[in-house]
Amino acid sequence: MFLQQIINGLTVGGVYALIALGYTMVYGILELINFAHGEIYMIGAYLGIIFLGIFTTAGLTQYSLPLSLFLTVVLSVLFCSAYGFTVEKLAYKPLRNAPRLNPLISAIGVSIFLQNYVMLTQGATDKVFPHVLPVTTIEFSGITMTSLQIIIIVVSLLLMAGLHLFIMKTRTGKAMRAVAQDKVMASLLGIDIDRIISVTFIIGSGLAAVAGLMVAMYYGLVNYSIGYIAGIKAFTAAVLGGIGSVPGAMIGGFVLGLIESLGAGYLSSEYKDAYAFIVLILILMVKPTGLLGKSEGHKP
Amino acid sequence: MLKLENIHTSYGHIEAVRGTNLEIRKGEIVSLIGSNGAGKSTTLMTISGILRPVKGKVIFEGREIQGLSPHKIVSMGVSQVPEGRRIFPKLTVRENLEMGAYLKGKGQRAKGKGSGVKGQEARGKGEDTSRGDSRIALAEQLDHIFNLFPVLKERQKQLGGTLSGGEQQMLAIGRALMSGPELLLLDEPSLGLAPIIVIKIFKTIRELNAGGLTILLVEQNAKAALRLAHRGYVIESGRVTREGIGKELLDDPAIKRAYLGE
């Protein structure tokens, strides 16, 4: 029972962590809570259904499942990155020098717009993810684990490791950290701030697309409103880990997933969604800077 | 090399620079002195493109650069060490230096050979610094900065925020030199440092200039700055009120009274 809940928790936790990374990276650089980020995740789930549907109708899936899945992932990530890039350019960049509340309101507006846009184009009813992936179940000593759960945990860990390497080792990754610490100084050194901000949105949206795809496969159903609750939970994960901290978002995602599934298993599964908000309220009361966040004075 | 023509720059609602004219010729050290709030830093931020002038022209090597974005201006060969050093506290010393060479990773800079730091390096070692792979160029540039400030080499894996004030100033200068600039803007490099470190920093500035780097030095430490400079400008409430050879300004009774405390 306990181990079973741990496995379930790690599965949803990996997804929360992937989405939370987008929140925390954008916050780290712009000090903006990008409330439209959950919608990008939702769009990723829809794109997965659309592309996989196209490939299945065209016969590609029957010809080669791995190729079909690979193309679905690549195209969904590309499209979602394009969405994230465009949202930043249209809704946030013009407000770069406005008071902090303005881009926040703009983000809420984008969120409402994207939800309704998907509802109008895709319909208000649930969409079913094509049943193309053979799901095998592994059982040992009373624990059941599906191949999908393993894929989700492994893929999220791999992506996080990749992101960590990117941020720590590459020229662009180091520039992202520099911009997060001091934008004026970064531009005095020749770093193109606009480009770094765009890269941040592109990466965050790509990760959200993968999360959306995996969730669509895991639950099999997608709805235009799934971005809202997932977005708020991932935001909670980011705050739990310390908003602005990349490792914090990773840890926060897994911890939140574990709290949720352990709570559902041992207390009551009716309140599953409420645990995230209880956690959010507790962190804000006890340690607002989160697990890995440091209270920093404001940058000059 | 650099010319400011009737520059007006506002900072919020205050017009901090009101009609500044200034010229820096190749190979010079020019000092800009003035009291707190006279508009010295605003002038430098206008040159670097962080602030946009409301009126006037900034001309660098015959090209108007006001209104260009800061990274373009850096890529033309103008580098700034801002007031307060602004080290990235959570990047290591080495990463701070690498950020200084950010544009080089792109292989974007074609200009700036044979002058500034590179020129000095070539002269110092008596060898040609041919530019090959950007990685090799980066390693060479790092070596050069480590020669200039050996303490940075010892501390290269430490976080920038853990350095002392003097070390941070050396890192800030080293970082600005990593892009291989032709013109270096220095804002109050002596601020808050122990006298012995100030002497070292000023000595380094003189050496860099001897190697061919043109320098615009903003200082409140007017005596040291004017001694070092070929020429100086005095700026008062956003306007240049005096200009001349460094030594002349040093001997001027009015300047002595106002800035040298004599």
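This is a predicted model: local features need pLDDT of at least 70, side-chain atom pairs count only at pLDDT 80 or more; totals for chains, interfaces and linings use all residues.
## The cavity in chain A

The model has 1 cavity of 30 Å³ or more, and the largest cavity holds about 30 Å³ of space. Three helices, α2, α4 and α9 of chain A, each supply at least two residues of its lining. The residues around the largest cavity are A:N34, A:A36, A:H37, A:I40, A:G84, A:V87, A:F201 and A:S205. By class, that lining has 4 nonpolar and 4 polar residues, and no charged ones.

## Aromatic pairs

Over all chains, a search of the whole structure turns up 7 aromatic pairs. One of them joins A:F51 and A:F79: the ring centres are 5.2 Å apart and the planes meet at 65 degrees, so this pair is edge-to-face, given that planes over 60 degrees apart fall in that class. The pair links distant parts of the chain, with A:F51 in helix α2 (residues 37-58) of chain A and A:F79 in helix α4 (residues 65-92) of chain A, 28 residues apart. How exposed or buried are the two partners, A:F51 and A:F79? A:F51 is buried, at a relative accessible area of 10%, while A:F79 is partly exposed, at 41%.

A second pair brings together A:Y83 and A:Y117, and this one is tilted, with 6.4 Å from centre to centre and 55 degrees between the planes. A:Y83 lies in helix α4 of chain A and A:Y117 in helix α5 (residues 101-122) of chain A, so the pair ties together parts that are 34 residues apart in sequence. A:Y83 is partly exposed, at 22% relative accessibility, and A:Y117 is also partly exposed, with a relative accessible area of 33%.

Here are the two pairs in brief.

| Aromatic pair | Centre to centre | Angle between planes | Type |
|---|---|---|---|
| A:F51 and A:F79 | 5.2 Å | 65 degrees | edge-to-face |
| A:Y83 and A:Y117 | 6.4 Å | 55 degrees | tilted |

Elsewhere, ring pairs link A:Y23, A:F35 and A:F235 into a cluster.

## Charges over rings

A:R171 lies over the face of B:Y102, 4.1 Å from the ring centre. In chain B, the charged end of B:R175 sits over the ring of B:F88, at 5.1 Å from its centre.

## The largest pocket

Now to the open space. The largest pocket contains about 1,600 Å³. It is lined by 48 residues, and those closest to its centre are A:R96, A:N97, A:K183, A:V184 and A:I193. Elements from both chains give two or more residues to the lining: α1 (2-30), α5, α7 (171-181), α8 (183-188) and α9 (193-219) of chain A, together with β2 (14-24), α1 (40-48) and α2 (70-76) of chain B. Which element gives the most to this lining? That is α1(A), with 4 residues. Sorted by class, the lining residues of the largest pocket are 25 nonpolar, 10 polar and 13 charged.

An open sheet of 4 strands in chain B runs in the order β2-β1-β4-β5, with antiparallel pairing. Strands β2 and β5 (63-64) of chain B stand at the edges with a single partner strand each, so one side of each has no neighbour in the sheet. Strand β4 (residues 55-60) of chain B is joined to β5(B) by 2 bridges, and the two run antiparallel. Within this region, B:I59 stands opposite B:E64 in β5(B).

Strand β3 (residues 29-33) of chain B is mostly covered, as 5 of its 5 residues are buried. B:S31 has B:L217 as its bridge partner in β8(B) and stands opposite B:G232 in β9(B).

Finally, B:L171 lies in helix α7 (residues 165-177) of chain B. B:L171 counts as buried, at 0% relative accessibility.

Conventions: Residues are numbered from 1 along each chain as its sequence is written. Chains are lettered from A and ligands numbered from 1 in the order in which they are written. Side-chain values use heavy atoms; hydrogens and water are left out. Rings of Phe, Tyr and Trp (its six-membered ring) pair if their centres lie within 6.5 Å; planes under 30 degrees apart count as stacked, over 60 as edge-to-face and the rest as tilted. Buried means under 20% relative accessible area, exposed over 50%, partly exposed in between (1.4 Å probe, protein chains only). A charge sits over a ring if NZ of Lys or CZ of Arg is within 6 Å of the ring centre and within 35 degrees of the ring normal. On a 1 Å grid over the protein atoms alone, a cavity is a set of points where a 1.4 Å probe fits but cannot get out, and a pocket is an open set with protein on both sides within 12 Å along at least five of seven lines; lining residues have an atom within 4 Å of a point. Grid points are joined across faces, edges and corners, and a volume is the space filled by probe spheres set on the points. Ala, Val, Leu, Ile, Met, Phe, Trp, Tyr, Cys and Pro count as nonpolar, Asp, Glu, Lys and Arg as charged, and the others, Gly among them, as polar. Two strands pair if DSSP finds at least two bridges between them.
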